[in-house]
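Please read the following points beside the model.

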Amino acid sequence: MVFDSRGHANEPRVAQLSPSESSPLPPRCRKCPQCADCIAPPVGRCFADLSSAKKVTAAFARPWSLLCAHRRLVWIGALCIPPHAFVTLWMPRLWGDVIDSVRISTGAARPVDLATTCWLLLAMGLAEALLRYISRRTLIDVSRNVEQELKDQALAHLQTLPVAWFDRARTGDITSRLTQDVDLVRFVMGPLLLHGGSALCILPAGIYCMAKMDVPVTVAAAGILGLLFAGLRMLMPRLHKWSKLSQEAIGALSQRAQEDFAGIRILWQFGAEPREVAAMARRNRRYLASNLRLVRLRSLMNAITHSTTGTVMLGVLLVGGSQVIDGHMTVGQLFQFTQYLLLLMFPLEILGWTLATMPRAFAAANRVEELFAVMPEVTQGAAIVLRGHIEVRGLVFSYPGAAKPALQDVSFDLQPGQKLGITGPVGSGKSTLLALCLRFYEPPRGTIWIDGHDVLDLSPASIRALFAFAPQEPFLFSDTVRANVAFGRPDATASDLDFAVAAAALEKDLPQLPDGLDTRVGERGVTLSGGQKQRVSLARALLASRPALLLDDTLSAVDLHTERLILQGLKATRKGRTVIAATHRLSVVTDADQILVLDEGKVRERGTHSELLSQHGLYATAYRRQSEASALGGGDRA
Amino acid sequence: MSTEPDDDLGKPIGLGFLPQLWPYVRPYRRAFAGCLLLLLVSFVLELIGPWLMKLAIDGPMVNLTLDSVERSHQLWIYSGGFLLVTALGALIGYLYGQVTAWNGQRVIRDVRRSLFAHLLQVSSAFHERNPAGKLTTRVTSDVEKLNELISTGVLQSFFDLLKIGGVMVALFVLDLRLALFTIATTPLVILLSILFRRNAQRAYRAVRGKVALQNAYTAEAIGGVCATRAFGREAQVQSRYQQLNADTADSWRDTVFHFSVFFSLVDFTLRATTIGLLWFGGSAVLRGEALPGQFIQFWLYFNLLAGPIRELGEKYNVLQEAFASSERIFKILAEPVFPAPGGKNLAAERTGSCEIEFRAVDFAYRNDLPILQTVSFRAGPGQTIAIIGPTGSGKSTLLSLVSRLRDVTGGAVLVDGIDVRDWDVRALRNRVAVVAQDLFLFSGTIGDNVRLFDRTISDERVWQALELACAADFVRALPGALDAQVQERGGTFSQGQRQLLAFARALVTNPCVLVLDEATASIDSATEARLQQALAAALQSRTALIVAHRLSTVRAADCILVLERGNVVEAGRHEALIQQDGHYARMLQSLACPAP
């Protein structure tokens with residue numbers, strides 16, 4: 001199978017690698033993760049800017065050192081490449097000899113024994129296969145190791161970064177660095193090493209072999225090949241452009257379809273289907289047009305590639321044929337020459353895609369390195385077992401880049417075992433206050449004190465060991481309900497777990513779940529309702545049995561009846577636990593020792609439930625409205 | 001995109017959908033015939049090339065009886081012929097690519113168009129069963145795979161078989177013994193090739209699964225960073241990730257193994273076959289039974305054969321996936337539409353009385369689980385019906401019956417005295433506007449979202465509706481006003497603003513029946529006051545059906561329906577119900593301690 005030399009290209013080709021260009025989505029509004037409010041215009045700078053360090057060595061230093069850790073395997077693989085090239089280039093010579101030796105006509109230049117040559121060819125074929133097998137196994141395997149270790153390191157590094165950093169960096173962006181970009185880096189560390197190394201051996205050696213036979217024919221043939229490849233390379237940018245356009249067109253189509261299906265009831269209710277069908281037809285047409293252009297280009301390039309073989313043969317036939325006639329060359333040599341040319345095609349192609357990929361791989365390596373360059377969160381500070389006396393004094397806090405502060409002059413003093421209620425409209429700063437207590441963000445010095453220590457002097461670990469946190473939008477891992485509940489305390493006993501599940505009123509839902517506690521919740525808990533997710537998150541917080549409980553509107557999607565059950569249970573099981581509850585649902589805070597009513601970051605009202613009701617202010621109005629709604633049966637969705 | 005696993009491997013190919021596919025292919029049948037013709041021509045050209053080669057070698061190159069001028073003359077002729085064949089081959093390859101793409105892309109455009117249109121017409125039960133992401137996959141990647149089937153799959157495979165057969169015949173004609181030898185080893189190559197493709201496919205499938213798992217977990221590890229930190233579970237997350245990462249790497253290495261072993265094996269077998277050919281052919285030439293050119297021709301023909309044989313396994317897999325996709329597509333197309341075509345399709349005049357009547361309406365998703373039971377009431381123009389009742393009492397279901405998102409299982413819903421099942425469904429929905437509790441926003445501008453892409457509605461009318469819904473002020477404050485782009489499903493709007501926009505969307509078509517799910521508690525007082533004002537204005541001349549959460553709405557209603565487990569347990573005005581001292585009165589008693 002000498003003619004189809006392109007068949008060796010069995011490692012994923014460049015074209016198959018998904019493009020790692022940044023996503024075409026427009027920059028988005030940056031959001032506060034807790035309150036889902038827009039807090040600032042999009043900010044792009046959350047990664048260290050490494051573009052000044054434009055050195056390839058710097059970008060690839062980390063993967064290279066990982067590769068060097070496997071240097072024995074790399075050497076074994078690399079050492080197999082030159083002999084492989086030698087065997088590959090030797091075989092056409094044997095073929096040529098055979099052909100010449102079997103010519104009936106006179107003047108066989110190099111008479112050889114047919115049988116011997118056939119056996120030799122077979123042995124060489126075997127050697128070629130074996131050498132290729134070894135180099136591929138070793139080099140590609142090592143590249144997978146490098147990829148694996150690089151990913152492990154990257155994730156371990158992510159675990160140390162400050163929580164605030166994750167607000168600015170988009171999940172999709174980090175994920176693509178961890179997947180597509182690392183993949184491109186791996187590509188350099190493996191397939192490129194293998195095929196590039198092979199190409200570097202075969203190209204010069206092959207050209208030397210050809211030139212040794214006949215210089216003019218070599219020049220002619222190489223000229224034709226070079227022209228064809230130049231043609232292909234010239235078409236490449238256009239191919240990239242069209243395929244990007246086509247991708248965008250199908251992306252737009254897909255996004256619209258998804259929205260239409262998600263909002264199908266709205267379309268029906270307003271009779272908008274015909275308009276959507278028409279809009280879809282437009283997108284479909286646009287996709288068709290861009291696709292046809294792409295296909296036209298592709299089939300042109302295919303035609304060129306496919307005619308390469310024919311053209312080379314033609315050139316050789318023409319030039320070499322006359323050489324044969326003139327007696328400068330034998331038919332066997334002509335054949336040998338053809339084989340060399342075809343052998344060179346794959347290395348040439350490799351060279352092409354190496355050139356095309358290197359800049360992208362370099363950019364990818366840089367992006368991965370940027371991830372490592374982000375500074376980890378401060379972990380120093382006193383590691384103390386805290387009791388939970390929380391004091392906030394004149395706290396002012398602004399998100400970086402935000403126009404106005406999220407919290408202004410907030411103060412309270414919460415003794416261990418007390419309950420603090422925080423309420424107020426969306427975006428009033430409730431969640432920010434809780435996040436600051438957890439030290440997800442850095443508060444100004446001297447504003448938040450726990451057990452008499454400034455939180456800035458405490459280690460994040462000891463602060464987080466104080467609190468059990470149940471956020472408004474609970475994050476469930478795609479695992480079983482049980483594993484999600486036990487997330488904070490995997491070694492919890494079954495009875496502890498049952499107790500937490502019961503306290504979160506999750507028990508009554510278990511029969512509805514196919515496997516009870518062992519039901520898998522799907523990605524981000526998609527198989528559970530919003531209320532169920534919140535209760536899993538609550539159970540998780542309760543099971544963690546920390547001295548203090550932080551509830552960030554944890555029951556917002558739970559229906560009123562269940563909420564009542566949970567609150568009764570919580571009251572019974574509090575046992576001296578400090579509770580800070582931020583909520584819209586005032587029923588959650590009626591029993592609090594003090595309630596803060598926040599509005600635009602300021603404390604508007606403060607006091608106990610009965611004190612606030614008698615003030616007839618924001619709290620009293622909201623309380624009346626909520627009672628009405630719940631009486632009429634509408635309080636199940638706040 | 002799709003959450004379900006691709007389990008097409010090893011499934012028998014079902015061809016039941018082919019009759020359904022034919023109407024889509026039919027309009028382009030001539031062009032498809034053209035493709036086949038082009039393939040045949042290119043095949044003939046592929047056979048001619050080696051033949052010319054043979055003529056050149058056995059003629060001018062080897063035949064020393066001719067003088068050198070004559071020989072180079074002949075060589076030029078053959079080279080010219082070869083040039084012609086090569087150029088023609090390239091041209092035809094190019095044309096073939098064009099025509100198949102032209103065909104295939106048009107067929108899938110048509111399929112996609114009708115699939116999408118169909119999906120907008122199937123029942124809401126179907127949409128409840130199938131999440132949007134899954135349906136999107138059907139419209140996008142499944143249709144793309146169908147393209148695979150149409151533009152390259154069937155024709156190419158058919159042609160490959162033809163080619164294998166044709167070349168075999170040519171080989172037999174050229175040299176019986178060599179051909180027999182080839183035939184003897186071919187099954188081995190085919191077997192190896194199919195075996196290899198199968199295993200490689202399986203290994204790749206495993207990789208895809210593992211990679212998907214790992215990527216999903218990567219996203220989780222990043223998205224769940226707050227939970228991880230809050231509970232100090234960094235080490236646990238890290239070790240889980242490392243486990244998944246190791247699994248992925250292992251399955252990748254598995255594919256490397258398959259590629260290195262099988263590919264080398266297949267290649268080596270093919271090479272051994274050619275060496276065998278050399279042995280037999282060379283001996284034949286040596287014995288004077290064949291000319292070298294003849295042998296080279298045979299050898300080139302054999303190479304024509306090798307490509308298709310090698311790719312047989314691959315083609316089979318591609319076809320299998322394409323068939324599975326097609327089956328899924330046509331299964332959806334066979335799904336019945338709702339409302340079923342037929343019926344009277346009356347479109348009452350706009351001057352109708354705007355009257356809603358429920359006549360002993362029953363509704364159940366399943367026979368043993370009634371959601372609504374003999375619900376009856378009637379509302380004339382300008383009247384407001386308030387519906388109250390605990391969660392799960394059937395309030396939302398009742399609302400969905402008015403605009404016929406579902407059909408009653410007993411009794412009838414009448415609008416303007418006509419059974420909704422006799423209405424033209426678009427005309428009906430034009431009269432009845434629904435204000436949902438949460439606003440579903442499509443990506444696009446605010447203006448497009450209010451008019452729902454209806455270009456016949458002018459900006460002026462949109463502004464009127466926004467004014468009426470008290471939403472004009474905040475829309476004006478947006479950068480670009482009506483042309484402001486909606487971001488992230490409208491996450492930047494507050495609950496109250498969303499409600500006001502939903503109002504505006506309903507009012508812009510000037511409907512005469514309003515069906516609405518009133519907003520609940522978490523709205524600030526200022527927005528609430530505006531909402532109330534908007535509601536009062538909107539209800540003046542319209543019939544309204546409201547799931548009410550506010551005492552002020554309920555008090556002002558012309559009739560209050562108290563629903564409990566699908567039954568109307570009480571109906572009447574506020575005062576009358578208070579006097580009855582029944583369910584309604586008891587509900588209000590829990591408000592015993594209202595602020596003054």
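**Notes on a predicted two-chain model**

1. In helix α17 of chain A, the buried residues include A:Leu560, A:Glu563, A:Ile566 and A:Leu570. These four lie on the same side of α17(A), because the arc they cover around the axis is only 115°. On the other side of α17(A), A:Gln568 and A:Ala572 are exposed. The structure is a predicted model, and this applies to every point in this note.

2. What lies over the buried side of this helix? The cover of the buried residues of α17(A) includes α15 (494-503) and α19 (618-631), both of chain A. As for its dimensions, α17(A) runs over residues 560-573, which is 14 residues. From first C-alpha to last, α17(A) reaches 20 Å, close to the 20 Å expected at 1.5 Å a residue. After the helix comes A:Lys575, with a positive phi near 45°.

3. Strand β5 of chain A, residues 419-423, is mostly covered, with five of its five residues buried. Which residues of β5(A) point one way, and which the other way? A:Lys419, A:Gly421 and A:Thr423 point one way, while A:Leu420 and A:Ile422 point the other way. Residues on both sides of β5(A) are buried. As background, side chains in a regular strand alternate between the two faces of the sheet.

4. β5(A) has pairing partners in β10(A) and β11(A). With strand β10 of chain A (residues 578-583), β5(A) pairs in the parallel sense over five bridges. In that pairing A:Gly421 stands opposite A:Ala581 of β10(A). With strand β11 of chain A (residues 594-599), β5(A) also pairs in the parallel sense, here over four bridges. A:Leu420 stands opposite A:Gln594 of β11(A).

5. Chain A as a whole has 19 helices and 12 strands. Of its 638 residues, 45% count as buried. Taking contacts in chain A between residues at least 6 apart in sequence, 77% join residues at least 24 apart.

6. Chain A is divided into three parts: domain 1 (56-214 + 353-377), domain 2 (215-328) and domain 3 (390-472 + 546-631). The C-alpha centres of domain 1 and domain 2 of chain A lie 27 Å apart. How many residues are in contact between domain 1 and domain 2 of chain A? Five residues of domain 1 of chain A are in contact with seven residues of domain 2 of chain A. On the domain 1 side, helix α7 of chain A (residues 191-213) gives the most, with three residues. By class, that side has four nonpolar residues, no polar residues and one charged residue.

7. Chain B has 19 helices and 10 strands. It contains 596 residues, and buried residues make up 41% of them. For contacts in chain B between residues at least 6 apart in sequence, 80% join residues at least 24 apart. The domains of chain B are domain 1 (11-175 + 315-338), domain 2 (176-289) and domain 3 (356-589). Between domain 2 and domain 3 of chain B, the C-alpha centres lie 58 Å apart.

8. What is the extent of the contact between chain A and chain B? On chain A, 132 residues are in contact with 131 residues of chain B. The largest share of the chain A side comes from helix α10 of chain A (residues 273-326), with 29 residues. The chain A side divides into 70 nonpolar, 35 polar and 27 charged residues. A general remark on such counts: the size of an interface is often given as the accessible area lost when the parts come together.

9. One residue of chain B deserves a separate entry. B:Arg229 lies in helix α7 of chain B, residues 225-230. Is B:Arg229 buried or exposed? B:Arg229 is buried, because 23 other C-beta atoms lie within 10 Å, and 20 or more count as buried. Not counting residues up to four places away in sequence, B:Arg229 touches A:Val163 and A:Arg464. Within its own chain, B:Arg229 and B:Ala179 are 50 residues apart along the chain, and their C-alpha atoms are separated by 71 Å.

Definitions and conventions: Residues are numbered from 1 along each chain as its sequence is written. Chains are lettered from A and ligands numbered from 1 in the order in which they are written. Two residues are in contact if their C-beta atoms, placed from the backbone, lie within 7 Å. Helices (H or I, at least four residues) and strands (E, at least two) are DSSP runs, numbered from the N terminus. Ala, Val, Leu, Ile, Met, Phe, Trp, Tyr, Cys and Pro count as nonpolar, Asp, Glu, Lys and Arg as charged, and the others, Gly among them, as polar. Domain bounds come from an automatic or database domain assignment. The expected span of a helix is 1.5 Å times one less than its number of residues. A residue is buried if 20 or more other C-beta atoms lie within 10 Å of its own, exposed if 12 or fewer, and partly exposed in between; C-beta atoms are placed from the backbone. The arc is that of the directions from the helix axis to the C-beta atoms. Two strands pair if DSSP finds at least two bridges between them.
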